[in-house]
Amino acid sequence: MLDRLHDDNGLTLNQLCEHLDMTRQAVAKHLDLLEKARLVVIVWHGREKRHYLNPMPIQQIQEDWIAKYERHSLQALSQLKKELTEKNQ
C-alpha cells in the first residue's frame, strides 16, 4: 500500500483496492494501522476520503537507526582500506 501511495498519492479506498488482492475491509484495517503509525494521512475532499503517504516517519527511522549502522560499516571499510594501503606500501 505504501508503494502504491508513493506511486500515486491521494487515492481513495476504492482506488487502493483495485490493485490489491485483499478485501475492502482488510485494506481499510491496514490503512487504519498505517494512519495510527502516521505513515498515511487522510484528507477529505468533499465527500471523498483520500489517503496520502507521509514519508517523515520512514525518514526518521532512516536517520535514527539505519544510518547509525551504515556509519559503523563505512568506518570499518575505511579502516580496512587504510590498513591494506599501509600493508602494500
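Predicted model: local features only at pLDDT ≥ 70, side-chain atom pairs only at ≥ 80, totals over all residues.
Figure 1. An α-helix has 3.6 residues a turn, so residues three or four places apart point the same way.

Figure 2. Helix α3 comprises residues 24–36, a run of 13 residues. From its first C-alpha to its last, α3 reaches 18 Å, close to the 18 Å expected at 1.5 Å a residue. Arg38 follows α3 and is found in the loop between α3 and β1. Although Arg38 is not a glycine, its phi is positive, at about 65°. Most residues other than glycine have a negative phi. With a relative accessibility of 57%, Arg38 counts as exposed.

**Figure 3. Salt bridge between Asp32 and Lys36 within helix α3.** The side chains of Asp32 and Lys36 meet in a salt bridge, with an N to O distance of 3.2 Å. Both residues lie in α3, where Asp32 and Lys36 are four residues apart, about one turn of the helix. Asp32 counts as partly exposed at 34% relative accessibility, whereas Lys36 counts as exposed at 62%. Side chains of opposite charge can pair when their charged atoms come close.

**Figure 4. Salt bridges Arg4–Asp8 and Glu48–Arg50.** The model has a count of three salt bridges, and this view presents the pairs Arg4–Asp8 and Glu48–Arg50. The side chains of Arg4 and Asp8 meet at 3.9 Å, N to O. Asp8 is partly exposed, with a relative accessible area of 35%. In the pair formed by Glu48 and Arg50, the closest N and O atoms are 2.9 Å apart. Glu48 counts as partly exposed at 36% relative accessibility. Arg50, by contrast, has a relative accessible area of 19%, which places it under the 20% limit, so Arg50 is buried.

**Figure 5. Thr12 in the loop between α1 and α2.** Thr12 lies in the loop that runs between helices α1 and α2. The relative accessibility of Thr12 is 11%, and it therefore counts as buried. Leaving aside neighbours within four places in sequence, Thr12 is in contact with Glu48, Lys49, Arg50 and His51. Among these residues, Glu48 and Arg50 form a salt bridge with each other, and His51 lies in strand β2.

Figure 6. His51, a residue of strand β2, counts as buried at 3% relative accessibility. With neighbours within four places in sequence set aside, His51 is in contact with Leu5, Asn9, Gly10, Leu11, Thr12, Leu13, Leu16, Leu31, Val40, Val41 and Ile42.

**Figure 7. His45 in strand β1.** His45 lies in strand β1 and counts as partly exposed, at 40% relative accessibility. Not counting residues up to four places away in sequence, His45 touches Arg50 and Tyr52. Arg50 is buried and also takes part in the salt bridge with Glu48. His45 and Lys68 are 23 residues apart in sequence, and their C-alpha atoms are 40 Å apart in space.

**Figure 8. Nonpolar surface patch that includes Ile61.** Ile61, Trp65, Ile66 and Tyr69 form a nonpolar patch on the surface. Together, these residues have about 440 Å² of accessible area. Ile61 lies in helix α4, which covers residues 56–88. With a relative accessible area of 46%, Ile61 is partly exposed.

Methods. Residues numbered from 1 in each chain as written. Heavy atoms only, no water. Helix = DSSP H or I, 4+ residues; strand = E, 2+ residues; numbered from the N terminus. Expected span 1.5 Å × (residues − 1). Buried < 20%, exposed > 50% of the residue type's maximum accessible area, 1.4 Å probe, protein only. Contact = heavy atoms within 4.5 Å. Patch = residues over 30% accessible without salt bridge, like charges linked within 9 Å, V, L, I, M, F, W, Y side chains within 5 Å. Areas by Shrake-Rupley, 256 points an atom, 1.4 Å probe, with all protein chains shown as cover. Salt bridge = Lys/Arg side-chain N within 4 Å of Asp/Glu carboxyl O.
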